[in-house]
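Biologist: Hi, could you walk me through this one? I'd like to hear about the strands and the aromatic rings.

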Amino acid sequence: MSRYLATSPSLVSTAPPSLPSSLPLGADGPAASSSTSSSSSVSSSSSSSSSAVVLQPANALEYSLGSSPALPSLPSRITVQNVVCTCSLGTELELREIAVRARNAEYNPKKFGACVMRLRDPKSTALVFHSGKVIVTGAKTVEAAHTAAKKHARIIQKVGIPVQFKQFQVQNLVACADVRVPIPLEEFQLQFPNNTHFEPEIFPGLVFRLQQPHCACVLFCSGKVVVTGVKSMGDAEAALR
């Protein structure tokens, strides 16, 4: 029996036959599926990359040399930085007496020919001249500027000088806003060479002068805009539009 088992070829070779190192794969085999998945991933990546190139930011500020640059819609918040107003007290004033008897007042004719008066509420500064003219600056609203001018007149009246508050008028209003997108100042200057002034070596802002309303806008590449020369908030909003 042992001799028979040793010489029997069917029983000695019990291991399964080894597979060849390379098997022929058909169209439906693993190679086809891997090529299909790789091609689909490549196509999906190419389509995503192409779509990324086509997409543009929703708030992009488009400027082109063939069309006039247009700012976006009016910014949601316009802040007033300074209101300059004037008034008349109707009589000549003794500035040295005001500086001596009034609080928070100073007068040095060698430096400046007006008496400087300051208020905390509303925060403002008044320049009082001998002719009776008063310039009030520093207020944040027209109403605050009017209140400050009346308070300065009342302080001078308490000194003992009979004055009359009249001819109140807003001379300048400085407002600022942010359009929230970058502004290409060089292209803006090319579009309006007669109305703009831009020297980046001296000042980083572009000065854009408007005829209606008559004012000046200072544009910065960051998107900040400063409007000066207007006399009301309506004019400031019209300038920003």
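Modeller: Happy to. One term before we start: two strands count as paired if DSSP finds at least two bridges between them. Keep in mind that this is a predicted model.

Biologist: Thanks! How many residues sit between S9 and S10 in their hairpin?

Modeller: Four residues lie between S9 and S10, and Gly223 in that turn has a positive phi of about 105°. The two strands run antiparallel and are joined by four bridges. Ala216, for instance, has Thr228 in S10 as its bridge partner.

Biologist: And what does S9 do with S8?

Modeller: S8 (residues 206-210) pairs with S9 in the antiparallel sense, over five bridges. Leu206 is bridged to Leu219 in S9. A hairpin of four residues connects S8 to S9.

Biologist: Is S9 enclosed or open, and why?

Modeller: S9 is largely enclosed by the rest of the structure, because five of its five residues are buried. Cys215, Cys217 and Leu219 are buried on one side, and Ala216 and Val218 on the other. In a regular strand, side chains alternate between the two faces of the sheet.

Biologist: Switching to aromatics: how many pairs are there?

Modeller: Six aromatic pairs. In one of them, Phe112 and Phe129 are edge-to-face, since their ring centres are 6.2 Å apart and their planes at 65°. Phe112 is in the loop between S2 and S3 and Phe129 in the loop between S4 and S5, so the pair ties together parts 17 residues apart in sequence.

Biologist: Which rings form a cluster?

Modeller: Phe188, Phe192 and Phe208, linked by ring pairs.

Notes
Residues numbered from 1 in each chain as written. Predicted model: local features only at pLDDT ≥ 70, side-chain atom pairs only at ≥ 80, totals over all residues. Heavy atoms only, no water. Phe/Tyr/Trp six-rings, centres within 6.5 Å; stacked < 30°, edge-to-face > 60°. Buried < 20%, exposed > 50% of the residue type's maximum accessible area, 1.4 Å probe, protein only.
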